[in-house]
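I opened my notebook to look up a few residues and the strands around them. Here is the structure I worked from.

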Amino acid sequence: MYVPVFGFSLQLAPTSRRTSDNFLSLGGGGEITHALNEKTSLYAGADARFRVHRRADTFDNNQFDARGGVQHALDAQ
């Protein structure tokens, strides 16, 4: 790769070049809500995502997200 600003060429490592590969991606999640009364409820949820490459396993990743909280409805004025 020629770098005109510096006036010289760089040799890239084989791992920094584009390579093709197949991958499998899978994800899912869910959420549950429980009402405490007419205005207040609790919720909790989770999501998971997985990506697996056939050969380039350096790019495999797993992700897990969780959330939870309280919802409260305010009176309209």
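Predicted model: local features only at pLDDT ≥ 70, side-chain atom pairs only at ≥ 80, totals over all residues.

I then looked up the strand order. An open sheet of three strands runs β3-β4-β5, and the pairing is antiparallel. I found β3 and β5 (61-72) at the edges, each with a single partner strand, so one side of each has no neighbour in the sheet. On average, neighbouring strands here are turned by 10° against each other, direction ignored.

**Entry two: a strand pair.** How many bridges join β4 and β5? I read off twelve, in the antiparallel sense. I also looked up Tyr43: its bridge partner in β5 is Gly69.

I located Gly30 in strand β3, which covers residues 23-35. Next I checked its C-alpha atom against that of Ala46. Leaving out residues up to four places away in sequence, Gly30 touches Ala44, Gly45, Ala46, Asp47 and Arg67.

I placed Thr40 in strand β4, residues 40-53. Thr40 counts as buried because its relative accessible area is 14%, and the cut-off is under 20%. Which side chain does the Thr40 side chain meet in a polar contact? I found His72, at 2.7 Å. Setting aside neighbours within four places in sequence, the contacts of Thr40 are Ala35, Val70, Gln71 and His72.

Methods. Residues numbered from 1 in each chain as written. Heavy atoms only, no water. Helix = DSSP H or I, 4+ residues; strand = E, 2+ residues; numbered from the N terminus. Contact = heavy atoms within 4.5 Å. Buried < 20%, exposed > 50% of the residue type's maximum accessible area, 1.4 Å probe, protein only. Polar contact = N/O pair within 3.5 Å; in protein donor to acceptor, adjacent residues only side chain to side chain. Pairing = 2+ DSSP bridges. Axes fitted to C-alpha atoms, helices over the stretch in contact; angles between N-to-C directions.
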